[in-house]
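I opened this entry to look up where nonpolar side chains gather and how aromatic rings pair. The model is a predicted one.

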Amino acid sequence: MEESKDEKVKDDRNKYRQQYDEGETVEESAYFSLQQAKLGKLIEFKDVKKIYKSGEVEIPALSGVDFTIDEGEFVVVLGASGAGKSTILNILGGMDTATSGSVIVDGEDITSYNQKRLTLYRREKVGFVFQFYNLITNLNALENVEFAASVTQNHLDPAETLKAVGLADRAGNFPSQLSGGEQQRVAIARAIAKNPLLLLCDEPTGALDYKTGKKILKLLENVNVKFRKTVVLITHNSAIAPMADKVIHVRSGKVDKIDINTQKVSVETIEW
C-alpha cells in the first residue's frame with residue numbers, strides 16, 4: 001500500500017528527531033523544506049477585524065487580517081509597536097475576541113466560543129510564553145510547572161519537562177533565586193508541560209540580554225523540533241525572521257506580506 005503524504009512527513013519528522021537527539025544540528029541534519037514539514041492547516045484567520053471603543057470613539061486594531069499556519073510550523077509575526085501583532089496573539093490565544101471574521105483552530109471557529117469554552121481552549125490547547133515570565137513567586141520552579149500541568153488532562157511529566165529545558169538542578173529554586181534567562185526557561189517548561197496544540201510567545205526575549213535571548217530562541221527552536229509543537233512568536237526584531245518557516249509582516253492592523261523561508265537558518269547564525 002502506498003504511503004500517504006502525511007505518513008511520509010511523520011516518518012521524515014521522526015527520522016529528523018532521531019538525528020536531533022543524537023546531537024546533530026539543524027544544518028547537519030538536512031532540515032526539511034517547508035513542503036515536507038506540512039501536516040495540514042492548523043490555524044486560519046479569515047478577514048479578522050478588531051475594534052476597541054473608548055467612549056464614542058472607535059479604534060481599529062485589526063482591519064481584515066488573513067493568514068494560515070500549518071501544523072508544526074515555526075511562525076514569526078513581525079511588526080512595529082502598535083502594528084496589531086499582540087492583538088493577533090491575544091485573539092489566537094483566546095484572551096481576546098474578534099469583532100468580526102473567523103479564527104479557525106484545529107477545525108473549529110473559536111470566535112463562536114463563549115467564555116467557558118474559551119477558558120477550556122486556553123487551558124487545553126494553548127501554551128503561553130510572556131515577555132516578563134509571569135511565574136508564581138511563592139512556588140519553586142518545579143511547582144510552577146506542576147501547577148500548569150495540573151489543569152490539563154494530557155500533560156507531560158513536569159520534572160522531565162524542566163529537565164528538557166536544562167533546569168533539573170534548579171527545580172527547588174524560587175523565581176527570585178533565578179536569573180532572567182532561567183525564569184524564561186521555567187516559563188517555557190510550564191507552557192510545554194501542558195502538552196498544548198500550539199505555543200504562543202509574546203516578545204520572549206524582550207527582557208533579556210543578547211546572549212540569553214539567543215539561548216531562549218534556541219530553546220524554542222528545539223521545542224518546535226523535539227516536541228513537534230507549532231510555535232507562533234510575536235516580535236519587533238526582524239533579525240529573528242530567518243529562523244522561522246513563515247514570517248507574517250503586520251503593519252497598521254493588516255498583513256503587509258507573508259514570507260516563506262524554504263531554507264531556515266539556525267539561531268546560532270543570527271545576530272542583531
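I began at the surface. Y52, V57 and I59 make up a nonpolar patch there, with about 260 Å² of accessible area together. I placed V57 in strand β2, residues 57–70.

Next I went to the interior. In general, nonpolar side chains of soluble globular proteins tend to be buried together. Here the largest nonpolar core has 38 residues, and F74, L162, V186, L199 and L220 have the most contacts inside it. I listed the elements that each supply at least two residues of this core: β3 (74–78), α5 (141–149), α7 (180–193), β7 (198–202), α8 (210–226) and β8 (230–235). The largest share, seven residues, comes from α7.

I then checked F74. Leaving aside neighbours within four places in sequence, F74 has contacts that include L220, V231, L233, M243 and K264.

Which aromatic rings pair up? I found four aromatic pairs in a search of the whole structure. I noted F45 and F67 as stacked, because their ring centres are 4.5 Å apart and their planes are at 20 degrees. This pair links distant parts of the chain: F45 is in strand β1 (residues 41–54) and F67 in strand β2, 22 residues apart. F45 is buried at 1% relative accessibility, and F67 is buried at 5%.

I logged F128 and F130 as another stacked pair, with centres 5.7 Å apart and planes at 10 degrees. Are they buried or partly exposed? F128 counts as buried at 14% relative accessibility, whereas F130 is partly exposed at 23%.

Methods:
Residues numbered from 1 in each chain as written. Predicted model: local features only at pLDDT ≥ 70, side-chain atom pairs only at ≥ 80, totals over all residues. Heavy atoms only, no water. Core = buried A, V, L, I, M, F, W, Y, C linked by side-chain atoms within 4.5 Å. Buried < 20%, exposed > 50% of the residue type's maximum accessible area, 1.4 Å probe, protein only. Helix = DSSP H or I, 4+ residues; strand = E, 2+ residues; numbered from the N terminus. Contact = heavy atoms within 4.5 Å. Patch = residues over 30% accessible without salt bridge, like charges linked within 9 Å, V, L, I, M, F, W, Y side chains within 5 Å. Areas by Shrake-Rupley, 256 points an atom, 1.4 Å probe, with all protein chains shown as cover. Salt bridge = Lys/Arg side-chain N within 4 Å of Asp/Glu carboxyl O. Phe/Tyr/Trp six-rings, centres within 6.5 Å; stacked < 30°, edge-to-face > 60°.
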